[in-house]
Amino acid sequence: MAPLHFLCLAAYFGLALGLTYSFPDCVNGPLNSSVVCDSTKDPATRARDLISLFTVDELIQNTDNLSPGVPRLGLPSYQWWSEALHGVASSPGVTFAPSGNFSSATSFPQPITMGSAFDDPLIKAVAIVISTEARAFDNFGRSGLDYFTPNINPFRDPRWGRGQETPGEDPYHISRYVYNYIDGIQGGIDPKPYFKVVADCKHFAAYDIENWEGNDRTSFNAQVTLQDLSEYYLPPFQSCVRDAKVGSVMCSYNSVNGIPSCANAYLLQSILRDYWGFDDDRWVTSDCDAIDNIFSTHHYTSSYAQAVADALKAGTDVDCGTTYSTHLPEAYNQSLITRDELETALVRQYTSLVRLGYFDPPNIQPYRQLDWSNVNTPDAQNLAYQAALEGIVLLKNDGILPLKSSVKTLAIVGPWGNATTQMQGSYHGIAPFLVSPLQGAINAGYQVTFAQGTTDTGTTTDGFAAAVAAAQSADVVIYAGGIDDQVVEHEGGDRTAISWPGNQLDLISTLESIGKPLVVLQFGGGQVDDSALKNNQTVHAILWAGYPGQSGGTAIFDILTGKASPAGRLTTTQYPAVYVDQVTMTDMSLRPSATNPGRTYKWYQGTPVFEFGHGIHYTTFDVKWAHTPPKQYSIASLINHASHSSPLDLALFHTFDVAVKNLGRLTSDYVALLFVNSTAGPSPQPNKQLVSYTRLHDIFPGSTASASLSVTLGSIARADAAGNMWIYSGAYQLSVDTGPILLTHQFELVGQSAQIANWPQNPNA
């Protein structure tokens, strides 16, 4: 998204133009007899006929995100930029009413929290609700039909300011998350006849630096090997584009190997369109002001005219900004671009709008019937609560949780104790209600004393005395703190440290000395080093909630009281604080080296504070193979038996059935995580890699549930130096769960190693 100055400018432009969303009049307007209004024709034919009517000036003026339309043709203005990362969100394209109808929308947890649920059907259900509410807003002129969401850049470095927007650090997990999200939000996989809304997978590609030590996203050159590009940075985009058929993609601020992403034909043409099949009824938008940055900050071209020409020719169809409309006339007059190239960009945009039903009668479109009664329904509220409940992760518990019925009084201390909008994180809309931890405690029936004590980054101890007084009169002390999206982690800024900020640990230490049972609630998307809490017997439990959304306080206290059981798993590695001194953010490599201890759980050579996948329960589980897996697989047979009607990487390798028995006394969900590790393939080998997962719900005490863990060829493949994916022969080990590994199995892949995907090579490299 845009820097703040452009966000304000874009919003002003919308107001200045009096932008009110409307649909073209295909009955009585100038277009009534045109091909674009003929619903018997295919979308591309309809769009091409419309765009052929534009003058060159009209083509150029409609390449910006705030498109003025063509009044003489009866084509209304349109804002391409709306947001809906975890609910319909405040943005240039979305207008909330001051009260009454359309004054709010369901506010789900941030993706970093929802991702920790490891529940694909949940993600799809959330996306369905978001798109339903988005369509209702659009039907009443309060939003567009296109949403710049989701953010699927892997959370590579814990310092990244926008990691909260992502599902986590693992590309396989993100790939499944985004597939289900796109399936839900767009109304199916490449739905016909209409998209519900069009989503936008961002930021393409290798984008995960805001501003670290003077390295700004608008000028940063990400130097990435083809191996890392293929194996880590781009699998989520492949899933989004090739498999889920997303309607649009956003190119990122940064350069990749010397070429700005929005002018990078290797990314936008060779990979996106040629390799993944991103066809001409889908479009690419720049991140906001990224076209300007090609010239102004990357200094890639000698003029703005050349910058806009390079971007348009590379495949960027929409400029989120005004650089196209300002400088494309120069480029056209200098013969740097042609009318055909302008038409290509506009045909892509309007083919998408045709597929959204933009030109068709509302009475034949179910999505055009949605209204305020479809927003924030009881089912949506329950789903927001369920998403928070499933995503919360219990990091530590010495037995204090769930709280005993004898606990009557609580002291809630800390900067997040009475958090409301903080619970939403970035890219949020106006929630219908927000339940803080304090309110959650009160609603749970406790007598509560609240003292903030300090702020997220505070250094004064002025509030410590009130915190101590509150703690002394309580049965149990709940400390609610961490990092937030306003000061510590946010768009435009990265962290330089991953320790607890300010004097929060000092306040926790002071609370420890009182001798009351102490539970720490940790908030924020990026992890902080919990070593001082994990290893301290006077801190009895740690519960991570991320950004849990509108019902966060309710979900937290339902877990603390045992009304619900925790089963979330961390989707990122919690590193020790010294990690930031061991590798720079600008080092994009994943594998360990003399200057890099390795990134993510797959490559990190140190000991994490809490590892990827960590999460404990109120009960214990016994896990067994329901059927003993084979000990040997023939690579040739696997390839021969694969369906060649779809990409080989999606072909089934094997389905591993696991029986999970609840040995304890409390009903609980269980997330089954299946990893593989091997000495096969190029060195160095990853520690392990996630190859399948599923979430089992409501396993009753003494009962057994079955988890079917399907593994594809692609999930066990690895990339060679050129980015090609291979199934390597050799010995492998499967493992279920983390921490105490509950189940293992050794097998061999025999025969000649086989290449299952040919990665596009960069002709200009």
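**View 1. Burial across the predicted protein.** Of the 765 residues in the protein, 63% are buried, where buried means under 20% relative accessible area, exposed over 50%, and partly exposed in between (1.4 Å probe, protein chains only). This is a predicted model, with local features needing pLDDT of at least 70 and side-chain atom pairs counting only at pLDDT 80 or more, while totals for chains, interfaces and linings use all residues. Residues are numbered from 1 along each chain as its sequence is written, and side-chain values use heavy atoms, leaving out hydrogens and water. The secondary structure comprises 22 helices and 27 strands, which are DSSP runs numbered from the N terminus (helices: H or I, at least four residues; strands: E, at least two).

**View 2. The largest nonpolar core and F204.** A nonpolar core here is a set of buried Ala, Val, Leu, Ile, Met, Phe, Trp, Tyr and Cys residues joined through side-chain atoms within 4.5 Å. The largest one holds 154 residues, and I182, F204, L234 and F359 touch the most other members. Helix α5 (residues 120-139) gives the most to this core, with nine residues. Another core lies apart from it, with 42 residues that include L696, I699, A705 and I727. Which residues surround F204, leaving aside its neighbours within four places in sequence? The contacts of F204 include L234, F237, V249, M250, L267, L268, I271 and W276; contact means heavy atoms within 4.5 Å.

**View 3. Helix α12 and the helices around it.** In α12 (residues 323-333), the buried residues are T323, Y324, S325, H327, L328 and A331. They pack against α3 (56-61), α10 (290-296), α11 (304-314) and α13 (339-355). As a friendly reminder, an α-helix has 3.6 residues a turn, so residues three or four places apart point the same way. After α12 comes S335, which has a positive phi near 60°.

**View 4. P236, a proline in a helix.** P236 sits in helix α8 (residues 235-243). Is P236 buried or exposed? P236 is buried, with a relative accessible area of 0%. Beyond its neighbours within four places in sequence, P236 is in contact with I152, P154, P171, I174, S175 and V178. For a sense of scale, P236 and T457 are 221 residues apart in sequence and 34 Å apart in space, C-alpha to C-alpha.

**View 5. Two cis peptide bonds.** P193 belongs to the loop between α6 (171-185) and β3 (200-204). Another cis bond, also with omega about 0°, joins K202 and H203, and H203 is in strand β3.

View 6. N376 is not a glycine, yet its phi is positive, about 50°. N376 is found in the loop between α13 and α14 (378-391) and is buried, with a relative accessible area of 15%. T600, likewise not a glycine, has a positive phi of about 65°. T600 lies in helix α20 (residues 600-603), and T600 is buried, with a relative accessible area of 1%.
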